[in-house]
Amino acid sequence: MTSARILVVDDEIDISTILTLALRRAGYEVTTAADGLEAIAEIHREAPDLILLDVMMPRADGLETLRRIREHGPSAHVPVIMLTARAALADKMHGFERGADDYVAKPFEPAEVLARVQVLLRRSADTRVVSPLLSVLGDWFTAERMAQLGRDLEAAREIQERLLPPVPARVAGFEAGAMLRSSTVVGGDFFDIIPMGDRIGVAVGDVSGKGIPAALLMVMVRTLLREIARSLGEPAPVLAALNRSLCRDMPPSMFVTLVLAVLDEAAPGRVVLASGGHPDPLIVRAAGAGAVAGLGDAAGTVLGVFDDSLFQHATLELGRGDALVLLTDGILEAQEASGQRPGVRAVLPLLERERDRPPPALARALCEDVLRRGGSRIQDDMTVFVLKRS
């Protein structure tokens, strides 16, 4: 039973009684007033959750009462349904201009009034949840300020896109292709191509959360990763050093997952990988052996949580036509339209079917497949980086 309190204001006793009985049967608490002045006095004692207000009344009519309701702070945003025998459009417009939320013309069916009451009370409940957040913003929350926020976010998106490196057709002897799709204007996924002495590192990372906090932290992670990897040649020590830095500088409620693959053009087909809590890379064999996942002991813990975490690396040998697919959980954990999350078993058949595609097309196909299965909705940031030995 609902405990919403409703004030019925009408000088016609029959109508007031009918409304009171119908509302009480529906579980509402009801008080009544016979005219506008009584209503204002009742509202000043305690503001109700909703007001049913007749227009034609003695002493203070409905429109004058409505004006005074809106001028009184505690009742300024209380939903008001006007009750009137005057159903002309001009009369309704006068009411809406004074702040009415809805109109019901007399004679009416009590069921119709109840339906309108329920709708406005639900809307009012939603507003009460949001209003404290908007009050914190204060004068900042204006159309002009929100337009500025939109422009700032668009600029942030462009900056974030420019931070992503251009992906050349070949990286250290491998064909390469990548795709990143954010679920919001800015996001926490990233990929990078990093010089590591005479070798090249390819990183794919995912900062926990979404939106602006994840995007800001992503920039910090990418900057630290580049600085650390420049002086270290193996992926496991890079992740260990990065983890220590993040444990020192990162908010305690956030973390990072990352996989780093190190390529050496002098050793064709060899890839040395280390992972910090990241989804396992997928290997697509050209010889028809299917697609497989797994790094075994090289799958370490997430970054930025435990400063003494240990990381190991694994070495893969890719034959001609084999592909290595690095991706984030936005690909593997996407929810389908049916509500199921099939995980890697939904990705492997596509990789096997499309293994002959060049890396850019394969990366794009993976993202498009997630969108197709999820009803064209991006639920999480999605990143794919494909390396293929030719």
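Trainee: Where is the place of Ala172?
Mentor: Ala172 sits in the loop between β6 (170–171) and β7 (174–181). Keep in mind that this is a predicted model.

Trainee: How do I read the phi of Ala172?
Mentor: Start with the general idea. Most residues other than glycine have a negative phi. Now the case here. Ala172 is not a glycine, yet its phi is positive, at about 50 degrees. This residue belongs to the hairpin of β6 and β7, which has two residues between the strands.

Trainee: Is Ala172 buried or exposed?
Mentor: The relative accessibility of Ala172 is 14%, so it counts as buried. The cut-off for buried is under 20%.

Trainee: How many bridges join β6 to β7?
Mentor: Two bridges join them, and the strands run antiparallel.

Trainee: Which strand pairs with β7 over eight bridges?
Mentor: That is β17 (residues 382–389), and the pairing with β7 is antiparallel.

Trainee: Which other residue has a positive phi without being glycine, and what is the phi of Arg59?
Mentor: Arg59 is such a residue, with phi near 65 degrees. Arg59 is placed in the loop between β3 and α3.

Trainee: How many bridges join β1 to β2?
Mentor: Five bridges join β1 (residues 5–9) to β2, and the two run parallel. Within this pair, Ile6 has Val30 of β2 as its bridge partner.

Trainee: How are two packed helices described?
Mentor: Two numbers do it: the angle between their axes and the distance between the axes.

Trainee: Which residues of α2 and α3 meet?
Mentor: From α2 come Gly36, Leu37, Ala39, Ile40 and Ile43. From α3 come Thr65, Arg68 and Ile69. By class, this contact of α2 with α3 has five nonpolar, two polar and one charged residues.

Trainee: At what angle do α10 and α11 pack?
Mentor: The angle between α10 and helix α11 (residues 359–373) is about 135 degrees, and the axes are 11 Å apart. These two helices are therefore oblique to each other. The crossing of α10 and α11 is right-handed. On the α10 side, the contact is made by Ala346, Val347, Leu350 and Leu351. On the α11 side, Leu362, Ala365, Leu366, Asp369 and Arg373 take part. The residues of this contact divide into seven nonpolar, no polar and two charged.

Trainee: Where does Ser338 lie?
Mentor: Ser338 is in the loop between α9 (329–332) and α10 (344–353). With a relative accessible area of 55%, Ser338 is exposed. Now compare chain and space. Ser338 and Gly374 are 36 residues apart along the chain, and their C-alpha atoms are separated by 8.2 Å.

Trainee: Which peptide bond is cis?
Mentor: First the general idea: most peptide bonds are trans. Here, the bond from Lys106 to Pro107 is cis, with omega near -5 degrees. Pro107 is found in the loop between β5 and α5 (110–137).

Trainee: How many helices and strands are in the protein?
Mentor: The secondary structure comes to 11 helices and 17 strands. Buried residues make up 49% of the 390 residues. For contacts between residues at least 6 apart in sequence, 69% join residues at least 24 apart.

Methods:
Residues are numbered from 1 along each chain as its sequence is written. This is a predicted model: local features need pLDDT of at least 70, side-chain atom pairs count only at pLDDT 80 or more; totals for chains, interfaces and linings use all residues. Side-chain values use heavy atoms; hydrogens and water are left out. Two strands pair if DSSP finds at least two bridges between them. Helices (H or I, at least four residues) and strands (E, at least two) are DSSP runs, numbered from the N terminus. Contact means heavy atoms within 4.5 Å. Ala, Val, Leu, Ile, Met, Phe, Trp, Tyr, Cys and Pro count as nonpolar, Asp, Glu, Lys and Arg as charged, and the others, Gly among them, as polar. Buried means under 20% relative accessible area, exposed over 50%, partly exposed in between (1.4 Å probe, protein chains only). Axes are lines fitted to C-alpha atoms, for helices over the stretch in contact, and angles run from 0 to 180 degrees between N-to-C directions. Angles under 35 degrees count as roughly parallel, over 145 as roughly antiparallel, 65 to 115 as roughly perpendicular and the rest as oblique. A crossing is left-handed if the near helix is turned anticlockwise from the far one by less than a right angle, and right-handed if clockwise.
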